[in-house]
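Hi,

Here is the structure I promised to pass on. Have a look at it first, and then read my notes below.

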Amino acid sequence: MNRDRYNDILRRVLAPTVAMIVLLVLWEWLVWFKDWPNYKMASPSDLWPAFWKFRGLFFELGWDTLWRTVAGLAISIVVGTLLGMVMGFSRIAREGLYPILVGFNAIPKATVVPVVALMLIGLHDLNTVLIAFLISFFPIAVSVSIGLSTLEPEYRDILRSLGASKFTIFIKIALPKTLPEFFGALKVAVTLAFIGTNLMEIVEPHGRGLGHLFDSGKISADYPLMFAVLIALAILGIFLYYVVIILERIFAGWAERE
Amino acid sequence: MKDKAQIYIDDVSHSYETENGRLPVLKDFSLSVEKGGFAAVVGPSGCGKSTLTRLIAGLIRPDKGEIYLAGEKVTSPRPTVGMAFQNPVMLEWRSVLKNVTLPLEIVKPRQSWQKQRERARELLRMVSLQDFEDKRPSELSGGMRQRVSLCRSLVHYPEVLVLDEPFGALDAFTREELWLVMHALRKEVSFTCLLITHDLRESVFLSDEVIVLSDRPAETQHIAKVPFGEDRKLADLYTSESTQLLAGLRSQIEIAQGKSKELL
């Protein structure tokens with residue numbers, strides 16, 4: 001093995017691992033040194049037992065969080081793309097809709113959560129998916145509209161001069177051309193949708209999902225459980241993000257340059 | 001006249017709507033290019049040359065007058081036209097070969113892929129890009145992209161080729177290379193061409209006649225026949241005959257720009 005490769009592995013594997021271990025040791029030491037009980041703070045060694053104790057709930061409620069996020073995101077993709085198409089192709093629509101969208105996006109969604117939770121009380125699935133959607137469609141709509149409205153006129157002209165229909169031009173050129181922007185926005189949207197799902201799950205009473213498990217931990221001052229949920233959420237969030245990355249590689253890999 | 005010409009522009013005027021009222025770009029403009037001919041249009045910046053290409057392609061309709069291609073009135077875009085622009089836009093997600101076949105998907109959607117591929121390969125060979133058919137456009141240089149763009153504009157056997165400053169953004173040597181490519185293509189593929197350019201040497205080297213447009217609203221100000229035959233070499237541009245022709249065109253451009261020679 002040559003020296004460069006050795007250094008490379010050192011940098012990419014060993015460095016983050018060591019950093020992680022140092023962090024965990026410091027955390028463990030702090031809790032031990034201060035002698036904090038479980039109702040005050042959790043230590044890393046408490047996390048696994050907490051997870052194991054509630055493992056059934058973790059998987060059951062984790063699934064709730066996952067599918068609600070994906071469902072909200074799916075609606076975002078459909079609505080966001082349609083809105084983006086309307087705004088991208090029609091200047092009147094863009095000028096009319098844009099201020100409304102910006103205004104809507106400016107409202108912190110945390111304030112919308114209790115409103116939706118009260119309006120649709122008891123409909124846990126519906127209001128969770130709704131918040132995931134509301135929080136995440138904006139970047140998709142904006143990026144699709146920008147992608148379409150900044151299409152160079154030559155792109156349209158090469159097909160239009162042959163008598164191609166608007167639909168053909170959209171399918172053959174505008175749509176694939178916009179995919180890199182779309183996936184850029186999707187990476188932001190997936191994180192937002194995940195935040196939306198958890199916000200609702202934490203706020204609504206008698207809910208489901210990991211957010212609800214977190215809330216249970218909070219109510220019973222069970223810090224090990226709360227931290228275990230946070231770790232589970234981080235794993236789920238990373239998983240969702242990388243699914244988007246893989247889809248991007250498949251559908252818009254051409255936009256990457258070596 | 002109208003029946004013989006492949007491109008026939010009859011007394012066309014066109015204007016655009018702007019904030020300060022209508023801006024006329026072409027005025028009582030006529031032009032005729034016979035079948036197999038190669039006309040170059042030069043003129044000051046913004047004098048309406050690009051409008052001319054869009055009118056011929058049927059992308060816009062003139063305010064007044066008519067345009068005929070092969071004796072037929074142009075009322076909408078038609079598949080007998082091929083176009084190439086200064087910006088050689090490529091579908092970056094497709095291979096070079098699939099970029100060239102793109103017009104066939106519109107014009108001959110039922111033609112087999114083998115036939116389409118064969119046609120595209122034939123053209124890529126003519127422009128010496130036969131080894132690049134599987135590459136992505138992002139891997140090509142500017143000159144190569146423009147070659148692909150030329151192949152794409154010719155793949156569906158257009159009768160009329162409209163080139164809107166296709167070599168304008170290339171460096172001088174690449175541009176000369178592409179002039180030679182253009183001549184090679186003209187020998188193997190039959191088409192009638194209208195070239196818009198800012199480069200007088202290019203207009204003389206490539207065309208049979210050079211049309212100088214006046215400043216906006218553009219009218220035909222001057223037509224110069226190019227006295228060279230089919231076989232042209234770059235060295236031909238440096239003969240005294242060429243120099244005289246170029247000097248004549250240069251002074252016409254100055255008149256078109258509305259500047260007197262004394263000022264320059």
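Predicted model: local features only at pLDDT ≥ 70, side-chain atom pairs only at ≥ 80, totals over all residues.

How much area is buried between chain B and chain A, and what percentage of that do carbon and sulfur atoms give? The area buried between the two chains is about 2000 Å², and carbon and sulfur atoms give 70% of it.

**Where the chains meet**

Chain B puts 25 residues into the contact, and chain A puts in 18. Two salt bridges run between chain B and chain A. One salt bridge to look up joins Asp157(A) to Arg54(B), with the closest N and O atoms 2.6 Å apart. The interface also has three residue pairs in polar contact. On the side of chain B that touches chain A, the elements giving two or more residues are β6 and α3 (102-107) of chain B. The largest share of that side comes from α3(B), with five residues.

**The nonpolar cores**

As a general background point, nonpolar side chains in soluble globular proteins tend to be buried together. Here the largest nonpolar core has 76 residues. The members that touch the most others in it are Phe58(A), Leu210(A), Ile9(B), Leu52(B), Ile56(B) and Leu194(B), so you will find residues of both chains on that list. The biggest contributor is helix α8 (residues 166-203) of chain A, which gives 12 residues. There is a second, separate core of 48 residues, and Val127(B), Leu170(B), Trp179(B) and Ile253(B) are among them.

Phe58(A) is a handy place to start browsing. Setting aside neighbours within four places in sequence, Phe58(A) is in contact with Ala50(A), Phe51(A), Leu210(A), Leu213(A), Leu225(A), Ala228(A), Val229(A) and Ala232(A).

Then go to Thr65(A), which sits in helix α3 (residues 55-89) of chain A. Is Thr65(A) buried or exposed? Its relative accessibility is 0%, so Thr65(A) counts as buried. If you leave out residues up to four places away in sequence, Thr65(A) touches Phe194(A), Thr197(A), Asn198(A), Glu201(A), Gly209(A), Leu210(A), Gly211(A), Leu233(A) and Leu236(A). Leu210(A) is a contact of Thr65(A) and also of Phe58(A).

Leu230(A) counts as partly exposed because its relative accessibility is 41%. Leu230(A) and Leu101(A) are 129 residues apart in sequence, and their C-alpha atoms are 32 Å apart in space.

**Salt bridges**

Over all chains, the count comes to 28 salt bridges. In chain B, Lys64(B) and Asp11(B) form one of them, at 3.5 Å from N to O. This pair links distant parts of the chain: Lys64(B) is in strand β4 (residues 64-69) and Asp11(B) in strand β1 (residues 5-18), 53 residues apart. Lys64(B) is partly exposed, at 36% relative accessibility, and Asp11(B) is partly exposed as well, at 33%.

Arg145(B) and Glu92(B) make another salt bridge, at 2.8 Å from N to O. Arg145(B) lies in helix α5 (residues 142-154) of chain B and Glu92(B) in the loop between β6 (81-85) and α2 (96-100), again 53 residues apart. Both Arg145(B) and Glu92(B) are buried.

Glu72(B) and Arg78(B) also pair up, at 3.7 Å, and Arg78(B) counts as buried at 14% relative accessibility. In chain A, look for the network of salt bridges that links Asp8(A), Arg11(A) and Arg12(A).

Cheers

Note on methods. Residues numbered from 1 in each chain as written. Chains lettered and ligands numbered in written order. Heavy atoms only, no water. Core = buried A, V, L, I, M, F, W, Y, C linked by side-chain atoms within 4.5 Å. Buried < 20%, exposed > 50% of the residue type's maximum accessible area, 1.4 Å probe, protein only. Helix = DSSP H or I, 4+ residues; strand = E, 2+ residues; numbered from the N terminus. Contact = heavy atoms within 4.5 Å. Salt bridge = Lys/Arg side-chain N within 4 Å of Asp/Glu carboxyl O. Buried area = accessible area lost by both parts, 1.4 Å probe. Polar contact = N/O pair within 3.5 Å; in protein donor to acceptor, adjacent residues only side chain to side chain.
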